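Hi,

Here is the structure I promised to send over. Have a look at it first, and then read on for what I found.

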Amino acid sequence: MKALVYHGPGSKSWEDVPDPVLQDETDAIVRVETTTICGTDLHILKGDVPAVVDGRILGHEGVGVVTEIGAGCTQVKVGDRVIISCVSKCMTCSYCLQGLTSHCQTLGGIGWIFGHLIDGTQAELVRVPFADHGLIPLPDGVSAEQGAMLSDILPTGYEIGVLNGAVKEGDVVAVIGAGPVGLSAIMTAATRGASKVIAVDSNKFRLEESLTFGATDTVDVGAGVDVVEALRAHSSDGLGVDVAIEAVGLPATFGTALDSIRPGGHVANVGVHGESVSFPLERDWINNITITTGLVNATTAPELLEEVTAGRMDPGKFVTHRFTFDQVIEAYDTFARAADEHAIKVVISRTE
Ligand SMILES: NC(=O)c1ccc[n+]([C@@H]2O[C@H](COP(=O)([O-])OP(=O)(O)OC[C@H]3O[C@@H](n4cnc5c(N)ncnc54)[C@H](O)[C@@H]3O)[C@@H](O)[C@H]2O)c1
Ligand SMILES: [Zn+2]
Ligand SMILES: [Zn+2]
């Protein structure tokens, strides 16, 4: 089969590799129909995620059809059309049982293994461990493109942004970074009753789009703009926002999030960080703030899928560019130049 293989920082290729085979009886093989590229894949290519080794097939999102199952699979069947969750989970260890599937101990403590610790979904076929738990049947009426947004980005924005940030009725919420993950936080913040959702980015196209995803206001990070002041001005008393969701992954944007919340406020860090970030505890120890960070569990995918099935949420909106498998390098180039290309989510689909 062909797959997108990582060859160290800055290097990748679409090349021939052996087909994956079942390794455990709880494995399944999925023929990928649609996959996509995550901001995290760009971090990997920058060298920010050193656990990813030369030769690894990238990708942790997608929809496909099950072609083979191990003898231990009881739920998933050959022929099922499924969403591939970005987090794998055994559902028997103590972490899985308490919902922290992203730290599945059976998998060595990290549930995000696709395109990280094992081969991923940017391939014609993928081996899925613990397939009964990691594959979600795609209901009729939900498209492959919509489904692929439920592998990672929509649950990530919701769980690590909105739920970790404890967004509640009436809150003023800033979302720093209006990429797919930030837009997912924006799309789902309304379900918790946020009164204002302010998108912050330098990408004018994404800022404009954010208004159709549920943002009420935008802040354009241009020259001479004091983002913290602009966010404070959106709070009713000027003290700052209730919740700042960091969806970029840079020291500066984490700093903006921290500086823009009010006493008692929350920073929900979602961004993957590749360098150390300073935290002024000498200033903030007194402020009764809460800072959360984490890896998505993707346990809310079924709940979000219900919103999609009922027509209350349309994650198909994320898709701005479509490519075929043999155009995957072009898809990466487009996604990496998102501002110029007016790209949000690029999908890569098989043609037959
Ligand atoms: N924690 C998790 O489980 C998890 C899961 C998936 C993705 N992520 C991470 O979430 C982050 C966002 O992912 P994405 O796919 O949306 O990435 P992306 O790169 O498409 O989006 C990032 C956005 O931030 C904007 N940006 C850059 N610098 C900025 C600045 N100084 N101020 C304001 N905006 C700025 C960019 O213009 C872009 O629109 C990434 O760091 C990704 O690795 C985390
Ligand atoms: Zn991701
Ligand atoms: Zn587990």
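The strands β5 (residues 81-84) and β7 (residues 135-137) pair in the antiparallel sense over 3 bridges. On the other strand, β4 (residues 62-69), V63 has I83 of β5 as its bridge partner, and β4 and β5 pair in the antiparallel sense over 4 bridges. Two strands count as paired if DSSP finds at least two bridges between them; helices (H or I, at least four residues) and strands (E, at least two) are DSSP runs, numbered from the N terminus.

Some housekeeping: this is a predicted model, where local features need pLDDT of at least 70, side-chain atom pairs count only at pLDDT 80 or more, and totals for chains, interfaces and linings use all residues. Residues are numbered from 1 along each chain as its sequence is written, while chains are lettered from A and ligands numbered from 1 in the order in which they are written.

Now the domains. The chain is divided into domain 1 (2-152 + 298-349) and domain 2 (156-293), with bounds that come from an automatic or database domain assignment. Their centres, taken over C-alpha atoms, are 27 Å apart. Each domain gives 16 residues to the contact, where two residues are in contact if their C-beta atoms, placed from the backbone, lie within 7 Å. On the side of domain 1 that touches domain 2, α1 and α13 (338-341) are the elements that give two or more residues, and α1 has the largest share with 4 residues.

Which residues are closest to ligand 1? They are G39, G177, G179, G249 and V272, out of 33 that surround it; a residue is near a molecule if its C-beta atom, placed from the backbone, lies within 6 Å of it. Both domain 1 and domain 2 supply at least three residues to this shell. Helix α1 (39-46) is one of the elements with at least two residues there, and α1 gives the most, with 4 residues. By class, the shell has 18 nonpolar, 12 polar and 3 charged residues, with Ala, Val, Leu, Ile, Met, Phe, Trp, Tyr, Cys and Pro counted as nonpolar, Asp, Glu, Lys and Arg as charged, and the others, Gly among them, as polar.

Happy browsing!
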